[in-house]
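Trainee: Could you walk me through a model with me looking on?
Mentor: Gladly, here it is.

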Amino acid sequence: MAQSPPRSGQPPIQQLQTVADLLETPALAQIYAHILQHGPVTVSDLVGDLDVPQGTAYDYVQNLETAGLVEKTREQRPYEYDAESIALTLSTDGETQTITPALIAAVARRDEDEDIDVYIERHGLDGLAVALEYAYEYVDGTVNHRIAARELDLSPLEAEIILQALEPVATEYADAAV
């Protein structure tokens with residue numbers, strides 16, 4: 001297992017727990033992804049932009065800061081936060097998967113996009129990570145939904161649905177995937 005070096009010096013296992021929380025909690029993932037894409041931001045910015053309760057925003061930012069995934073960039077109130085891009089690679093029994101900010105952003109859309117939610121329920125987070133890789137190729141035109149369906153062992157309709165659902169994430173994070 002490899003991990004990007006943390007800015008905070010937090011132990012890797014503590015960061016691993018927070019990354020697991022990001023994958024389990026779409027609202028937390030949404031806050032992380034927003035800070036990463038739009039930071040530095042204040043908690044008030046998060047409340048206004050994401051329509052999350054203020055207490056939730058403060059709690060989640062605190063959790064992310066404690067784990068070293070976000071840090072204060074302004075030491076006076078209102079505090080501003082910026083996020084650290086993560087790349088956590090996990091290997092088990094010959095299978096390797098990397099948790100990237102794009103995957104976290106895809107999970108963040110789970111509450112808003114029923115197609116992503118259904119896909120995760122059927123194929124798990126590993127399946128979503130693989131589908132996201134095909135979404136990058138779908139966006140740049142090197143793969144169509146029929147090829148993705150064959151490679152992912154899905155029906156063409158299911159492949160088209162998940163590729164379209166992941167298209168905004170793949171477009172937004174295309175530069176990071178290169």
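Mentor: The axes of helix H5 (residues 101-108) and helix H6 (residues 114-140) come within 10 Å and cross at roughly 145 degrees, where axes are lines fitted to C-alpha atoms over the stretch in contact and angles run from 0 to 180 degrees between N-to-C directions. Helices are DSSP runs (H or I, at least four residues) numbered from the N terminus. This is a predicted model, in which local features need pLDDT of at least 70, side-chain atom pairs count only at pLDDT 80 or more, and totals for chains, interfaces and linings use all residues. Residues are numbered from 1 along each chain, and side-chain values use heavy atoms, without hydrogens and water.
Trainee: Which residues of H5 and H6 make the contact?
Mentor: From H5 they are Ala102, Leu103, Ala106 and Val107, and from H6 Ile116, Leu125, Leu128, Ala129, Leu132 and Tyr136, with contact meaning heavy atoms within 4.5 Å.
Trainee: Switching topic, why does Gln30 count as buried?
Mentor: Gln30 counts as buried because its relative accessibility is 18%, and buried means under 20% relative accessible area with a 1.4 Å probe, protein chains only. Gln30 lies in helix H2 (residues 26-38), and its side chain makes a polar contact with the side chain of Glu112 at 3.0 Å, a polar contact being a pair of N or O atoms within 3.5 Å, one able to donate a hydrogen and the other to accept it.
Trainee: What does Glu158 touch?
Mentor: Leaving out residues up to four places away in sequence, Glu158 touches Tyr119, Arg122 and His123.

Definitions and conventions
Helices (H or I, at least four residues) and strands (E, at least two) are DSSP runs, numbered from the N terminus. Buried means under 20% relative accessible area, exposed over 50%, partly exposed in between (1.4 Å probe, protein chains only).
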